[in-house]
Amino acid sequence: MLKPGGSIGNVNYLNGHDDVVFNAGDWGVGMGHKTIHGGLMPGDRLRMEKLAQLVVNGRIDPSLMITHRFEGFEKIPDAIKLMHHKPVVICNDID
């Protein structure tokens, strides 16, 4: 979800051959003045502190965005492999 005039910061690993596909209707048919930023995101320590406060104050629940969990340093190769291959996951068990 993104309000008109909002921005999305893409923090995914995208290969040079990857495409990001979205439905034009969900995007406001190009009339919502929405922006996607990729690569290094604008911001600094103050921006990160502001985002952290949104979580701390309960304004954002990041758990709703979690699709996978990796416990321990030994799972780092598995996480990197998942980012590289990007399998399609359909989650129907959202509480």
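The exercises below, with worked solutions, concern a predicted model.

Residues are numbered from 1 along each chain as its sequence is written. Local features need pLDDT of at least 70, side-chain atom pairs count only at pLDDT 80 or more, totals for chains, interfaces and linings use all residues, and side-chain values use heavy atoms, with hydrogens and water left out.

**Exercise 1. Confidence and fold**

State which element has the lowest mean pLDDT and which the highest, and give the order of elements along the sequence.

Solution. Helices (H or I, at least four residues) and strands (E, at least two) are DSSP runs, numbered from the N terminus. The protein has 2 helices and 2 strands, in the order β-β-α-α. pLDDT is the predictor's confidence in each residue, from 0 to 100. Its mean over the protein is 77, with 71% of residues at 70 or more. By element, the lowest mean is 74, for strand β2 (residues 35–37), and the highest is 88, for α2.

**Exercise 2. Length of α1**

Solution. After α1 comes Gly-58, with a positive phi near 75°.

**Exercise 3. Leu-64**

Locate Leu-64 and decide whether Leu-64 is buried or exposed.

Solution. Leu-64 lies in the loop between α1 (45–56) and α2 (76–85). Buried means under 20% relative accessible area, exposed over 50%, partly exposed in between (1.4 Å probe, protein chains only). The relative accessible area of Leu-64 is 67%, so Leu-64 is exposed. For the protein, buried residues make up 6% of the 95 residues.
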